[in-house]
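Here are a few notes to read alongside the structure. Keep it open and find each residue as you go.

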Amino acid sequence: MEKLFFAIWFRLDQKDRYLIWIQDETDQVLVETDVLIPVFNSETALANYAGKKLIEIVNEEPLFCNLDYISNWIIQPDNSIDCQMFLSTWNLFMDIASAINRSFTGNEKDKLTNKVYDKIFYGNNLPSVTPEGKYYIPVWTKSERQRLMQIMSEGITLLRRNLKEIDI
């Protein structure tokens with residue numbers, strides 16, 4: 001598999017930033033010194049950094065992860081879960097944990113974590129897995145919402161502790 005590099009756009013603490021996501025045998029984000037995730041204030045800054053590092057970014061609209069939305073949901077969790085936003089964010093956190101070689105609750109394969117992930121995944125109603133004419137809307141238990149809170153909170157903490165602002 002050819003290694004590909006993509007821009008990811010995220011909003012955290014009302015500030016938009018970008019990072020580089022790597023699609024390879026193991027998906028992960030770009031890191032420096034094994035634990036620091038370079039983040040940029042603009043796509044231009046990301047492109048300048050990538051150019052200096054001889055990294056070719058795939059030219060497509062960056063995936064957006066609204067971590068402020070996730071943070072607000074953690075403070076006041078309810079059943080209005082945007083499955084698309086939570087799935088892309090969960091996957092990003094898994095890739096961050098992989099890149100910095102940290103354990104992450106979202107990677108655990110216990111029954112509850114798997115059930116929560118499956119509900120988010122199927123709640124995206126992707127045409128490749130959702131039968132024609134059907135639409136899945138997950139119903140959440142308290143324990144599932146608590147696990148989702150734990151996973152999202154842990155992911156945001158992982159990112160905050162390991163991000164490195166790059167000004168170019």
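1. Let's start with Trp-9: it is partly exposed, with a relative accessible area of 22%. Keep in mind that this is a predicted model.

2. How many aromatic pairs does the structure hold? There are nine of them. In one, Trp-9 and Phe-64 have ring centres 4.3 Å apart and planes at 45°, so this pair is tilted. To count as tilted, the angle has to fall between the stacked range, under 30 degrees, and the edge-to-face range, over 60.

3. Now look at where those two partners sit. Trp-9 belongs to strand S1 (residues 4–12) and Phe-64 to strand S5 (residues 63–66), so the pair links distant parts of the chain, 55 residues apart. Phe-64 is partly exposed, with a relative accessible area of 22%.

4. Tyr-69 and Phe-86 give you an edge-to-face pair, at 6.0 Å centre to centre with 75° between the planes. Tyr-69 is in helix H2 (residues 67–75) and Phe-86 in helix H3 (residues 83–99), so the pair ties together parts 17 residues apart in sequence. Is Phe-86 buried or exposed? Phe-86 counts as buried, at 0% relative accessibility, while Tyr-69 is partly exposed at 28%.

5. Check Trp-140 too: Lys-119 lies over its face, 5.5 Å from the ring centre.

6. Finally, the surface. Tyr-122, Leu-126, Val-129 and Tyr-136 make a nonpolar patch of about 320 Å². Val-129 lies in the loop between helix H4 (111–122) and helix H5 (142–162), and Val-129 is partly exposed, with a relative accessible area of 37%.

Methods: Residues numbered from 1 in each chain as written. Predicted model: local features only at pLDDT ≥ 70, side-chain atom pairs only at ≥ 80, totals over all residues. Heavy atoms only, no water. Patch = residues over 30% accessible without salt bridge, like charges linked within 9 Å, V, L, I, M, F, W, Y side chains within 5 Å. Areas by Shrake-Rupley, 256 points an atom, 1.4 Å probe, with all protein chains shown as cover. Salt bridge = Lys/Arg side-chain N within 4 Å of Asp/Glu carboxyl O. Helix = DSSP H or I, 4+ residues; strand = E, 2+ residues; numbered from the N terminus. Buried < 20%, exposed > 50% of the residue type's maximum accessible area, 1.4 Å probe, protein only. Phe/Tyr/Trp six-rings, centres within 6.5 Å; stacked < 30°, edge-to-face > 60°. Lys NZ or Arg CZ within 6 Å of the ring centre and 35° of its normal.
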